[in-house]
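Please take a moment to turn the model around on your screen before reading on. We will then walk through it together, one region at a time.

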Amino acid sequence: MLHCFGGGILSCVLLAEPPLKFLANNTNVLLASSIWYIIFFCPYDLVSQGYSLLPVQLLAAGMKEVTRTWKIVGGVTHANSYYKNGWIVMIAIGWARGAGGSVITNFEQLVRGSWRPQADEWLKMSYPAKVTLLGSIIFTFQHTEHLAIAKHNLVFLYTMFLVGIKIVTMITETATVPFAPLEDALRWILFGWQQQFSSHEKKSEIKSSSRGSGSSTSKSIAGTSDKVKKKHTKKTD
């Protein structure tokens with residue numbers, strides 16, 4: 001249930017609404033409960049065996065991405081009803097509505113005592129969280145008329161993008177994130193010069209320390225050689 005309605009719970013908390021507001025929609029609750037029941041308690045695990053087939057998984061993944069799009073659009077529209085053209089709030093609520101299930105799941109793990117920092121959604125964002133944030137920004141700009149495109153066209157293009165990427169990754173069985181090149185470029189533009197500057201400072205410090213150690217060793221060698229010469233002259237005298 002937290003995976004199904006986690007985004008709605010998180011968005012309600014952010015908007016100071018009752019967290020159990022999702023229970024008012026009896027159809028969604030009954031649908032989620034029936035799906036959970038037939039998956040775990042179907043005789044001979046027929047549903048689980050059927051879901052293991054690749055075409056069924058592709059169909060379910062496509063339907064999930066379509067639902068994600070409508071959750072984002074609903075979150076942006078719902079936030080706009082409270083904060084007119086408050087695009088930061090609209091982005092946050094759209095993001096929470098579309099990808100809040102993973103955040104609520106982390107909170108549930110924290111309550112149970114099985115939370116792990118390595119799996120925290122805020123520290124290491126997953127692909128669904130990233131693509132949901134991108135969609136929330138795009139639909140917010142469209143809703144505030146900063147993006148000149150019709151809403152139904154944007155919904156269609158964004159949904160086709162999500163479904164296409166999901167199907168390709170499932171068929172090819174690759175975990176490559178399509179945003180990785182863009183993230184690397186932005187990281188180099190925003191923070192790369194600082195890393196280069198720090199690396200240059202470290203190199204200069206290493207060179208100066210090596211020079212200092214070399215000069216000190218040469219001085220010690222020269223001092224020992226002078227002492228040996230003085231002892232040798234005393235013996236000859």
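What follows is a short tour, from the overall fold to a few individual residues.

A word on conventions comes before the details. This is a predicted model, in which local features need pLDDT of at least 70 and side-chain atom pairs count only at pLDDT 80 or more, while totals for chains, interfaces and linings use all residues. Residues are numbered from 1 along each chain as its sequence is written, and side-chain values use heavy atoms, with hydrogens and water left out.

Let us begin with the fold. The protein has 8 helices and 0 strands, where helices (H or I, at least four residues) and strands (E, at least two) are DSSP runs numbered from the N terminus. Read from the N terminus, the elements run α-α-α-α-α-α-α-α. Of the 237 residues, 24% count as buried; here buried means under 20% relative accessible area, exposed over 50%, and partly exposed in between, with a 1.4 Å probe and protein chains only.

Now look at helix 2, which spans residues 26–41 and includes Phe 41. Leu 31, Ile 35, Trp 36, Tyr 37, Ile 38, Ile 39, Phe 40 and Phe 41 make a nonpolar surface patch of about 830 Å². Patches are made of residues with over 30% relative accessible area and no salt bridge, with like charges joined within 9 Å and nonpolar side chains (Val, Leu, Ile, Met, Phe, Trp, Tyr) within 5 Å. The areas themselves come from the Shrake-Rupley method with a 1.4 Å probe, and for residues only the protein chains shown count as cover.

Four members of that patch, Trp 36, Tyr 37, Phe 40 and Phe 41, also form one aromatic cluster. A pair of aromatic rings is described by the distance of the centres and the angle of the planes. Rings of Phe, Tyr and Trp (its six-membered ring) pair if their centres lie within 6.5 Å; planes under 30 degrees apart count as stacked, over 60 as edge-to-face and the rest as tilted. By this rule there are 5 aromatic pairs. Trp 36 and Phe 41 are an edge-to-face pair, because their ring centres lie 5.5 Å apart and their planes meet at 70°. Tyr 37 and Phe 41 are stacked instead, because their planes are at 25°, with centres 5.4 Å apart. Tyr 37 and Phe 41 are 4 residues apart in helix 2, about one turn of the helix. How accessible are these residues? Trp 36 is partly exposed at 47%, Tyr 37 is partly exposed at 47%, and Phe 41 is partly exposed at 48%.

Most residues other than glycine have a negative phi. Tyr 44, however, has a positive phi, near 60°, and is exposed, with a relative accessible area of 72%. Glu 145 also has a positive phi, near 65°. Its place is the loop between helix 6 and helix 7 (151–172), and Glu 145 is exposed at 72% relative accessibility.

Which charged side chains meet? The whole structure holds 2 salt bridges, each a side-chain nitrogen of Lys or Arg within 4 Å of a carboxyl oxygen of Asp or Glu. One joins Glu 17 to Lys 21 at 3.5 Å, N to O; Glu 17 is buried at 9%, whereas Lys 21 is partly exposed at 42%. The other joins Glu 65 to Arg 68 at 3.1 Å, N to O. Glu 65 and Arg 68 are separated by about one helical turn, because they are 3 residues apart in helix 4, and both are buried.

Stay with helix 4 (residues 54–82) to find Asn 80, which is buried at 8% relative accessibility. Helix 6 (127–143) and helix 8 (180–236) each supply at least two lining residues, and the largest share, 4 residues, comes from helix 6.
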